[in-house]
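Here is my note on the model, in numbered points. Please keep the structure open beside you as you read.

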Amino acid sequence: MKKIILDADTGIDDALAILYALGSNECELIGITSIYGNVSVDTSVENSLSILDLVEHQNIPVYKGSEAKLGSDTYERREITKKIHGHDGIGDVHIPKSTRSAESKNAVDFLIEACEEHGSELTIVATSPLTNLAKAFTKAPESIKKVGKIVIMGGALTVTGNVTPYAEANIIEDPNAAKTIFESGLPIVMVGLDVTMRTLITLNETKALRKLNTKNSELIADMIDFYFRSYEGRLSGVYGCPLHDPLAVGIALHPELASTLAIDLTVETSGASKGRTIGLMDKLNEGSPSTEVCVQVDESKFIELFMESLKNICK
Ligand code: BDR
Ligand code: CA
């Protein structure tokens, strides 16, 4: 069992990442740290709690984190994000609201303490802007350096971005935070658009879920179908959606699913290419890069594992 913390801005695919982690026999989800991104941080907390309640995992703690990018106290939700994830962030399918609240400890402190406590046994999977992680690293670098691995859904090395031609959504939300993390020397695995845009599910999968005929399976299939509609016409003829955030959990649990390129990265923080993840020229000739970028993935194997977990959690 791998110990995992999910750092999530809980929209639809973050919710699917939570469900996948909970349904997997290989994963021990020890907490969810919340952050703005697809939704405000408060909605992100609410959505994570609601998803946990839906599948009766009220034991998993949720911590509130950053409200906005580094150096700012305002977050503005992009119009496009409402279309992709719905007004409530989880597909407007009326998932019952949780009555629980976030823990009193802040997400940043939880990340620091968890790295101290679990060290190399811990994997942090960030499926969101990297503000919480950058704050934790700046506050307590020696503690965060004890982490086993940081798997990041974000960035695009060999393909174009999804917000600008250069930038992927999680990175462009806070390019400075992303730069801090990518240049930190921490052991990073980047699960970017290079692989997530190849990992698609379609109506075949939501139909299979519906066939399970449980209350949750319907709701979860409805939520995924909402996500399909937002990708209509964007996936070269395929009607479906990419599994961005679940794939990051998948690669954290099964690194053998991906082929990687070892290279130190940086993030551009200004100009037209703001938010671009790119090789760090100064370190090109140094040995042992700290980042592995996923460039190929066994998508059918992953989708099999993903569906297996979803079926477990929908019982
Ligand atoms: C990433 O951006 C968010 O909208 C998704 O939840 C995912 O983490 C994809 O670019
Ligand atoms: Ca996300």
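1. Start with strand S4. Buried means under 20% relative accessible area, exposed over 50%, and partly exposed in between, with a 1.4 Å probe and protein chains only. Both faces of S4 are covered. Leu122, Ile124 and Ala126 are buried on one side, and Thr123, Val125 and Thr127 on the other. Strands (E, at least two residues) and helices (H or I, at least four) are DSSP runs, numbered from the N terminus.

2. A word on the ground rules. This is a predicted model, in which local features need pLDDT of at least 70 and side-chain atom pairs count only at pLDDT 80 or more, while totals for chains, interfaces and linings use all residues. Residues are numbered from 1 along each chain as its sequence is written, chains are lettered from A and ligands numbered from 1 in the order in which they are written, and side-chain values use heavy atoms, with hydrogens and water left out.

3. Now the sheet around S4. Two strands pair if DSSP finds at least two bridges between them. S1 (residues 2-8) and S4 pair in the parallel sense over 6 bridges. Leu6 stands opposite Val125 in S4. S4 also runs parallel to S5 (residues 149-153), joined by 4 bridges. There, Thr123 has Lys149 as its bridge partner.

4. Which strands stand at the edges of the sheet? First, the order: this open sheet of 8 strands reads S3-S2-S1-S4-S5-S6-S12-S9, with mixed pairing. S3 and S9 (258-262) stand at the edges. Each has a single partner strand, so one side of each is left without a neighbour in the sheet.

5. S1 and S2 (residues 27-34) pair in the parallel sense over 7 bridges. Lys2 has Cys27 as its bridge partner in S2. S1, H1 and S2 make a right-handed β-α-β unit. S2 pairs with S3 (residues 62-63) in the parallel sense over 2 bridges, and Thr33 stands opposite Tyr63. S2 is mostly covered, with 7 of its 8 residues buried.

6. Thr127 lies in S4 and Asp245 in H12, so the pair ties together parts that are 118 residues apart in sequence. Both Thr127 and Asp245 are buried.

7. H12 deserves a look of its own. Is this helix enclosed or open? In H12, 10 of the 10 residues are buried, so the helix is largely enclosed by the rest of the structure. Among them are His244, Asp245 and Pro246.

8. Next, the largest pocket. Its volume is about 370 Å³. The closest to its centre, of 24 lining residues, are Asn38, Ile84, His85, Asn162 and Ala169. A pocket is an open set of points on a 1 Å grid over the protein atoms alone, where a 1.4 Å probe fits, with protein on both sides within 12 Å along at least five of seven lines; lining residues have an atom within 4 Å of a point. The volume is the space filled by probe spheres set on the points, which are joined across faces, edges and corners. H3 (79-85) gives the largest share of the lining, 4 residues.

9. Finally, two backbone details. Most residues other than glycine have a negative phi. Glu56 has a positive phi, near 60°. Glu56 sits in the loop between H2 and S3 and is exposed, at 63% relative accessible area. Asp92 has a positive phi of about 50°. Asp92 is in the loop between H3 and H4 (107-118) and is partly exposed, at 30%.

Technical notes
A crossover is right-handed if, with the strands pointing away from the viewer, the path from the first strand over the helix to the second runs clockwise.
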